[in-house]
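Subject: Handover of a structure for your review

Dear colleague,

Please find below the structure that I am handing over to you.

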Amino acid sequence: MASFTPSTSAPTPDDDTEAFLTHTWKNDSSGENNHDRVALIHKELKSQGVKVWFDEERMQGTRIVSEMCAGIDNADCVVCFVTQVYIDKVQGKNGPDDNCLREFDYAIQHKTSDRIITVVMEPELFGKPWQGPVGMSLK
């Protein structure tokens with residue numbers, strides 16, 4: 001297994017990020033705050049020395065789309081935290097300017113599904129076909 005050296009400096013947009021985390025900030029089907037759950041995973045990954053792009057740390061100012069694109073471009077992989085709300089957002093149900101939609105579309109175009117790790121956050125999503133781009137692109 002590869003060994004990671006923890007980063008001691010503040011993240012910058014041109015870091016060689018190992019994982020870009022894409023998720024919704026909305027509550028999941030059980031009413032839990034999905035962003036808070038992903039934040040715990042982010043914290044654990046960082047404690048293991050993994051360089052992670054996490055929106056709470058990286059999305060500041062007016063260049064949010066550019067920051068998201070740079071994060072995906074510089075990441076080795078994208079970790080997609082799938083909930084029904086995330087699936088709906090990627091389908092465009094919140095309009096074309098939704099950040100989940102933008103991140104997912106950009107990741108599929110630039111990383112392909114081979115470099116996207118799927119993390120299912122709601123048990124009812126197991127064994128059921130997912131609709132839209134998430135269902136078409138991820139297994």
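In what follows, a residue is called buried when its relative accessible area is under 20%, exposed when that area is over 50%, and partly exposed in between, with a 1.4 Å probe and protein chains only. Please note that this is a predicted model, in which local features need pLDDT of at least 70 and side-chain atom pairs count only at pLDDT 80 or more, while totals for chains, interfaces and linings use all residues. Residues are numbered from 1 along each chain as its sequence is written, and side-chain values use heavy atoms, with hydrogens and water left out.

Salt bridges

Side chains of opposite charge can pair when their charged atoms come close. A salt bridge is taken here as a side-chain nitrogen of Lys or Arg within 4 Å of a carboxyl oxygen of Asp or Glu. Four salt bridges are counted by this rule, and three of them are described here.

One of them joins Arg102 and Asp97, whose closest N and O atoms are 3.0 Å apart. Asp97 is exposed, with a relative accessibility of 56%, whereas Arg102 is partly exposed at 30%.

Arg37 and Asp28 form another, with an N to O distance of 2.3 Å. Here Arg37 is partly exposed at 23% relative accessibility, and Asp28 is buried at 7%.

In the salt bridge between Lys89 and Asp98, the N to O distance is 3.0 Å. Lys89 is buried at 10% relative accessibility, and Asp98 is buried at 8%.

Helices (H or I, at least four residues) and strands (E, at least two) are DSSP runs, numbered from the N terminus. Asp98 sits in the loop between helix H4 (84–90) and helix H5 (99–111). A polar contact is a pair of N or O atoms within 3.5 Å; within protein, one must be able to donate a hydrogen and the other to accept it, and residues adjacent in sequence count only if both atoms are side-chain atoms. The side chains of Asp98 and Lys89 are joined by such a contact of 3.0 Å.

Cysteines

A disulfide is a covalent bond between the sulfur atoms of two cysteines. With the criterion of a pair of cysteine sulfur atoms within 2.5 Å, the structure holds zero disulfides. For Cys80, the closest cysteine sulfur is that of Cys100, 8.4 Å away and too far for a bond. Cys80 is buried at 1% relative accessibility, and Cys77 is buried at 16%.

Helix H1

Helix H1 covers residues 34–47, which makes 14 residues. From its first C-alpha to its last it reaches 20 Å, close to the 20 Å expected at 1.5 Å a residue; the expected span is 1.5 Å times one less than the number of residues.

Which residues of H1 are buried? They are Asn34, His35, Val38 and His42. These residues lie on the same side of H1, because they cover an arc of only 85° around the axis, the arc being that of the directions from the helix axis to the C-beta atoms. An α-helix has 3.6 residues a turn, so residues three or four places apart point the same way. Leu40 and Lys43 are exposed, on the face of H1 turned away from its buried side.

At the N-terminal end, H1 is capped by Asn33, with a side-chain oxygen 2.9 Å from the backbone nitrogen of His35. Just after H1, Gly49 has a positive phi of about 90°.

Aromatic pairs

Rings of Phe, Tyr and Trp (its six-membered ring) pair if their centres lie within 6.5 Å; planes under 30 degrees apart count as stacked, over 60 as edge-to-face and the rest as tilted. The count by this rule is two aromatic pairs.

Phe20 and Trp53 are stacked, because their ring centres are 4.3 Å apart and their planes stand at 20°. Phe20 belongs to strand S1 (residues 19–22) and Trp53 to strand S2 (residues 52–53), so the pair ties together parts that are 33 residues apart in sequence. Phe20 is buried at 0% relative accessibility, and Trp53 is buried at 2%.

Tyr86 and Phe104 form an edge-to-face pair, with ring centres 6.4 Å apart and planes at 75°. This pair links distant parts of the chain, with Tyr86 in helix H4 and Phe104 in helix H5, 18 residues apart. Tyr86 is buried at 0% relative accessible area, and Phe104 is buried at 2%.

Yours sincerely
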